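Hello,

My notes come after it.

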Amino acid sequence: MVTLLLRTLLLRSLRPSPNLLRSLRLAVDVPLRARSHDTRLLYPDHIPTTSLQKMLLAAGSAGMALYNPYRHDMVAVLGETTGYCTLKFLRDQMKKDPEGAQILQERPRISLSTLDLSKLQSLPEGSLGREYLRFLDVNRVSPDTRAPTRFVDDEELAYVIQRYREVHDMLHTLLGMPTNMLGEIVVKWFEAVQTGLPMCILGALFGPIRLRAQNLQVLFSELIPWAIQNGRRAPCVLNLYYERRWEQPLTALREELGISPPPKHIQGLA
């Protein structure tokens, strides 16, 4: 589905000549055929792609993600086709950390099928698990909305970016940020500093163009400096085995990571 959407996007937006049109169709269609004929699939949803195909996918997904930041499928493709070197760095960071290495070895997943919602609901007020569940309820989001990794040509790195996606809502909880445009931009600044992923940097830099003047003032005067400071101070958030910290008080976890409380007026801004 992602490949078909990108093909349509590329063919409509680039307005190529007939010869280039045929080339683009061939370049983007190859991954679809590869799924049925290529035996080098590295994980269940893997779609092998060439460097040219990755460039086309990155260009198309970047354009669509900038046009509509809520197109999470396009954001996902952009991250996979531009973040290979950064993912290697993040993987190495995880391997050097005991908790991160355990995550890489055990490969936990965060989804409705792996979460015990009744247990989270029974946890004390203010615990990580209870606050995470509250975040999901208040913002009407689901951990199952995260797209599976497809275009990363390394099985271990594919898990790293999948883990990054699945803990994204955990970062919202840690930072106390809502899922409106302003909150997403603040989280992207934190993630950009933390991970260095090109898609995070792109979202942090270009996301503000969609904000109102009032929100821009608060963003640049308070929230971006706050996000950068916390991103630099906190250890790599991919090294946290969140599933084993559900009972930990959120305030205690923030103190452990060096994350200061979020500005109190953020919830009232859209």
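This is a predicted model: local features need pLDDT of at least 70, side-chain atom pairs count only at pLDDT 80 or more; totals for chains, interfaces and linings use all residues.

Two packed helices are described by the angle between their axes and the distance between the axes. Here helix H8, residues 128-139, packs with helix H10, residues 168-175, at an angle of about 105 degrees, and their axes lie 9 Å apart. Since angles of 65 to 115 degrees count as roughly perpendicular, H8 and H10 are therefore roughly perpendicular to each other. On the side of H8 the contact is made by Leu128, Glu131, Tyr132, Phe135 and Leu136, while H10 brings Asp169, Met170, His172 and Thr173. Sorted by class, the residues in this contact of H8 with H10 are five nonpolar, two polar and two charged.

Helix H11 covers residues 181-195, and at 1.5 Å a residue its 15 residues should span 21 Å, which agrees with the 20 Å between its end C-alpha atoms. Because 14 of the 15 residues of H11 are buried, this helix is largely enclosed by the rest of the structure. Just after H11 comes Gly196, which takes a positive phi of about 75 degrees.

The last item is Asn230, which is found in helix H13, residues 213-233. Is Asn230 buried or exposed? Buried means under 20% relative accessible area, so Asn230, at 0% relative accessibility, counts as buried. Leaving aside residues up to four places away in sequence, Asn230 touches Phe190, Gly258, Ile259 and Ser260.

Best wishes

Definitions and conventions. Residues are numbered from 1 along each chain as its sequence is written. Side-chain values use heavy atoms; hydrogens and water are left out. Axes are lines fitted to C-alpha atoms, for helices over the stretch in contact, and angles run from 0 to 180 degrees between N-to-C directions. Helices (H or I, at least four residues) and strands (E, at least two) are DSSP runs, numbered from the N terminus. Angles under 35 degrees count as roughly parallel, over 145 as roughly antiparallel, 65 to 115 as roughly perpendicular and the rest as oblique. Contact means heavy atoms within 4.5 Å. Ala, Val, Leu, Ile, Met, Phe, Trp, Tyr, Cys and Pro count as nonpolar, Asp, Glu, Lys and Arg as charged, and the others, Gly among them, as polar. The expected span of a helix is 1.5 Å times one less than its number of residues. Buried means under 20% relative accessible area, exposed over 50%, partly exposed in between (1.4 Å probe, protein chains only).
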